[in-house]
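Reader: Please show me the model. I would like to go through it in short questions.

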Amino acid sequence: MSPTVRPLVVAARAGLSRGRIELRQSLTHSETLWGYLFPTVILLVVMFFLRGATVPGTEFSLGAQTLPSTLGMTVAFGGLVTTASILTVEREDGTLLRAKATPNGMFGYLISKIALVSGMTLISVALLLVPGLFLFDALALDRTAAWLTLAWVMLVGMVATMPVGAVFGSLLSNPRNMGLIMLPMMGLIATSGIFYPITVLPGWVQAVAQVFPIYWLGLGMRSALLPEAMAAVELGDSWRHLETLLVLGGWAVAGLMLAPVVLRRMARRESGSSVAARREKAMQRVT
């Protein structure tokens, strides 16, 4: 192994180890557990009450159709919002500065955050999917192709959203500004066909929704979990796997190109005085 590659491998291993430790710790922290359980319970309750309604033009349960859509929303939320939130908090408390001060520390830090957010996203998806399988018997997960589709949509979706979330986290000056991400996120969820078929929305709303990953993650998850006949209620009467891969892949490429540049610039601006100033402002808000 070359002398230049070996330190990166060591940093990557350290990052993976740190990510696993932080993920385990998240399962013992009451606030994080509440963050897992509260939205899951709310979504399951919503889907339970929707199960008696039907998708327009079909006899298929609207609740069953909503389940895979919320799985896609969960992946997008984890990649965009959770990544940004963690990065912003750890920038303020000095964790990022400590990572910057060690050799290849930023590389290892990013690996740890990828491992942590990926693990948190998988847990959130499992908490929704497992009860959902008991709530709805119309899901088509008895096929190997369904599980393979579920896996590649999740993988590509996380790669498409986490770098963008890291960019957002680098641009926000403190955690109180997370509303700048949350408000547009809620708007995109409302217009991306998560809780109701997108085909009933105006054409211009459909066009805007298809620019962003949330719609395609929802579509990809529906293609994995729903019967083939339900493709008839989608745009183009198709699951559009190729388009899903291309759009999510485009976001992944753009994010992977932009995120390292923005993160390096943000890391260069980090200093002990800037961290101290942010802490002082935070203390003033508390008092």
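Predicted model: local features only at pLDDT ≥ 70, side-chain atom pairs only at ≥ 80, totals over all residues.

Reader: Which backbone oxygen lies 3.3 Å from a polar atom of the glutamine 206 side chain?

Author: Glutamine 206 sits in helix H8, residues 203–209. Helices here are DSSP runs of H or I with at least four residues, and strands are E runs of at least two, numbered from the N terminus. Leaving out residues up to four places away in sequence, glutamine 206 touches Thr199, Leu201, Leu235 and Ile198, where contact means heavy atoms within 4.5 Å. The oxygen at 3.3 Å belongs to isoleucine 198.

Reader: Is glutamine 206 buried or exposed?

Author: Buried means under 20% relative accessible area, exposed over 50%, and partly exposed in between (1.4 Å probe, protein chains only). Glutamine 206 has 14% relative accessibility, so it counts as buried.

Reader: How many helices and strands does the protein chain have?

Author: Read along the sequence, the pattern is α-α-α-α-α-α-α-α-α-α-α. The count is 11 helices and 0 strands.

Reader: Why is the protein chain as compact as a globular protein of its length?

Author: The globule rule is 2.2 Å times the number of residues to the power 0.38, and the radius of gyration is taken over C-alpha atoms. For 287 residues the rule gives 19 Å; the chain is close to that, so it is as compact as a globular protein of that length, with a radius of gyration of 20 Å.

Reader: What separates the C-alpha atoms of alanine 145 and alanine 224?

Author: Alanine 145 lies in helix H6, residues 144–171. With a relative accessible area of 43%, alanine 145 is partly exposed. Alanine 224 is 79 residues away along the chain, yet the C-alpha separation is 7.6 Å.

Reader: What is phi of arginine 240?

Author: Most residues other than glycine have a negative phi. Arginine 240 is in the loop between H9 and H10 and, at 15% relative accessibility, counts as buried. Its phi is positive, near 50°.

Notes. Residues numbered from 1 in each chain as written. Heavy atoms only, no water. Polar contact = N/O pair within 3.5 Å; in protein donor to acceptor, adjacent residues only side chain to side chain.
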